[in-house]
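Subject: Structure handover

Hello,

The structure follows below, with notes on what was found in it after that. Please read the notes alongside the coordinates.

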Amino acid sequence: MTKFIDRMRTGRIFLAIAILAFGPAFADNFAGVRYDPKTDELVVRMRYRGTNPDHNFTVQWGQCRQTDQGSTIDGDVLDDQARDGAHQSFTKTVRFDVSGIACRPARVTLHTAPRFYYQILLPVRGQ
């Protein structure tokens, strides 16, 4: 039992050192994504941390690809203040125009740095 308690203490010490050395990691993430057929846009709720709520988000679209499951396209969501200090939490709703995406229906995968993603099916326009 003593060895078990010693291992638990050691694990907690290493965890505390890692948190103090590297600090908590914060990145942009998705709070929700939906398609608005009336405006042909993706409505994206972004969750992020910073010193101010005035971050602007854009999407950089990749190329449409054909797979065995149908069309796919990736979009990198970019934060214009990606290096802003992570002092407060914010949520912002942004709209991304998808009218220029011709390969439909398509599975859209939105990415943020470093490893968050969200997938949604983009229907044929007008559906």
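Strand β2 (residues 41-50) pairs with β6 in the antiparallel sense, over 10 bridges. Strands (E, at least two residues) are DSSP runs, numbered from the N terminus, and two strands pair if DSSP finds at least two bridges between them. Within this pairing, V44 stands opposite V94 in β6.

The model is predicted: local features need pLDDT of at least 70, side-chain atom pairs count only at pLDDT 80 or more, and totals for chains, interfaces and linings use all residues. Residues are numbered from 1 along each chain as its sequence is written, and side-chain values use heavy atoms, with hydrogens and water left out.

The β2 and β6 strands belong to an open sheet of 3 strands in the order β1-β2-β6, with antiparallel pairing. Its edge strands are β1 (29-36) and β6, each of which pairs on one side only. From one strand to the next, the twist averages 20°; axes are lines fitted to C-alpha atoms, and angles run from 0 to 180 degrees between N-to-C directions.

The structure also holds 1 disulfide (a pair of cysteine sulfur atoms within 2.5 Å). C64 and C103 form it, with their sulfur atoms 1.9 Å apart. C64 lies in the loop between β3 (57-61) and β4 (65-67), and C103 in the loop between β6 (88-97) and β7 (106-112), so the pair ties together parts that are 39 residues apart in sequence. The link of C64 and C103 is left-handed, with -75° about the S-S bond.

C64 is partly exposed at 35% relative accessible area, while C103 counts as buried at 11%. Buried means under 20%, exposed over 50%, and partly exposed in between (1.4 Å probe, protein chains only).

Regards

Methods
Helices (H or I, at least four residues) and strands (E, at least two) are DSSP runs, numbered from the N terminus.
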